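Q: I am new to this structure. Can you show me how to read its features, step by step?

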Amino acid sequence: METQKFLKLPHLPAFPFNPVSKNTLPTTVKAPLSSTSTRRTVLLSHHPSITPKREKDAKKRVVITGMGIVSVFGSDADKFYERLLTGESGISLIDRFDASELTTRFGGQIRGFKSNGYIDGKMDQRLDDCQRYCIVAGKKALEDAAISGDKLSNIDKERAGVLVGSGLGGATLFHNGVKSLIERGYRKITPFLIPYQISNSASALLAIDLGFMGPTRILSKRNDDPQTAGGVEAAVVPIGVAAFASLGALSKRNDDPQTASRPWDKDRDGFVLGEGAGVLVMESLEHAMKRDAPILAEYLGGAVNCDAHHVTSPRSDGFGVSSCIQRCLANASVSVEEVNYINAHATSTILGDIAEANALKNVFKNTTGIKMNATKVNSLWLILLQHQLHTHIIFLFNRNGSFSELFDH
């Protein structure tokens, strides 16, 4: 059985691949269904000198078995991966609407998106792109996890859950609704404005489509059944771009948009707004073993907090970030010495980059052997979605055996 290998490992590391260590343990895992049928070798770090007390009960261990994506590079994970390897940027001038009067006129706009049968025709025309991206990415993730078609009937739908976050929700519907109110009066506002504009609408509609009745707000490591988790944004609309521009948060490099996102650079002037969706399928190791599921990684733990400082600006010392990292490591039973790669938040803003750098220095006193980069340079700033998409990127590089190439772009 493919999943049996994970029980035989002494432990799974904080990150699935150590790009710098020579002490590695090769193992083979099944390639997801969306890729070719060939088997790929994945290197897992082995730290004989470090024996953290991690969960051994297969019922409590959580693994990731599938991923789905919608991005400026398309909705196929392998093609997305190939374009990342070339160092291609997804940033371009906005042509969805007239942005000529805005201080920022570029972003990560998705073009030519099609649901390709994943959404019913009438519903597809009615939904905001936020919901469309979410449903397609969610169903692709389930396909990747070998949970689709007739196999959905094998899932306990009363326990299977969906949690897909969004910062702005249905931004296009909101923009059009306000425009209709001003220009044509309240009677012309669509009755779908409120249901499809609120931020949890994408998650709710995916759950309705799948018939998943489990938790839609909190994912628990105690839940054995598959949980579909991720993020989605579709904010490249007039109100979205204008609002972030008014904050002074967006880069104004309209003459060179593809190099506008430049975290840690002394000439950085803000982030670049993008859109898309990234969804993962998470389940207990025991549940995955029973159905011989493909395993991409193990979720060891995480943390959430608030720095209680300012509505937009972080604390300069990065305390909110550093305390969250420390709680995350503790929750995952991962020592600081085990961390070998950091995918940074890297907002490319003056205050954000300094605060994050200070936070990382406070946690990781010795950075020898740690590599850090920011895939946001290629995949854009996506509000709540960004960390999910960055996670997808790490899995893709690891799964395809080219993790070291991540640092070349």
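Q: Is D353 buried or exposed?
A: Burial is read from relative accessible area, and under 20% means buried. This is a predicted model. In it, D353 has a relative accessible area of 2%, so D353 is buried.

Q: Which residue forms a salt bridge with D353?
A: Look for a side-chain nitrogen of Lys or Arg within 4 Å of a carboxyl oxygen of Asp or Glu. Here the partner is R268. The closest N and O atoms of D353 and R268 are 3.3 Å apart.

Q: Where in the chain do D353 and R268 sit?
A: The pair links distant parts of the chain. D353 is in helix α11, residues 350–363. R268 is in the loop between α8 (238–246) and β8 (275–284). The two residues are 85 residues apart.

Q: Why does R268 count as buried?
A: Apply the cut-off again: buried means under 20%. R268 has a relative accessible area of 11%, so R268 is buried.

Q: How many salt bridges does a search of the whole structure find?
A: The search finds 13 salt bridges. Let us take two more examples.

Q: What are the details of the salt bridge between D124 and R132?
A: The side chains of D124 and R132 meet at 2.7 Å, N to O. Now check burial. D124 has a relative accessible area of 17%, so D124 is buried. R132 is at 13%, so R132 is buried too.

Q: What about the side chains of D317 and R315?
A: They meet in a salt bridge of 2.8 Å, N to O. D317 has a relative accessible area of 33%, so D317 is partly exposed. R315 is at 27%, so R315 also counts as partly exposed.

Q: Where is S322 found?
A: S322 is found in helix α10, residues 319–332. S322 is at 4% relative accessibility, so S322 counts as buried.

Q: What lies 3.0 Å from a polar atom of the S322 side chain?
A: A polar contact needs N or O atoms within 3.5 Å. In this case, the backbone oxygen of F319 lies 3.0 Å from a polar atom of the S322 side chain.

Q: Which residues does S322 touch, not counting residues up to four places away in sequence?
A: With such sequence neighbors left out, S322 touches A359, N362 and V363.

How values were computed
Residues are numbered from 1 along each chain as its sequence is written. This is a predicted model: local features need pLDDT of at least 70, side-chain atom pairs count only at pLDDT 80 or more; totals for chains, interfaces and linings use all residues. Side-chain values use heavy atoms; hydrogens and water are left out. Helices (H or I, at least four residues) and strands (E, at least two) are DSSP runs, numbered from the N terminus. Buried means under 20% relative accessible area, exposed over 50%, partly exposed in between (1.4 Å probe, protein chains only). A polar contact is a pair of N or O atoms within 3.5 Å; within protein, one must be able to donate a hydrogen and the other to accept it, and residues adjacent in sequence count only if both atoms are side-chain atoms. Contact means heavy atoms within 4.5 Å.
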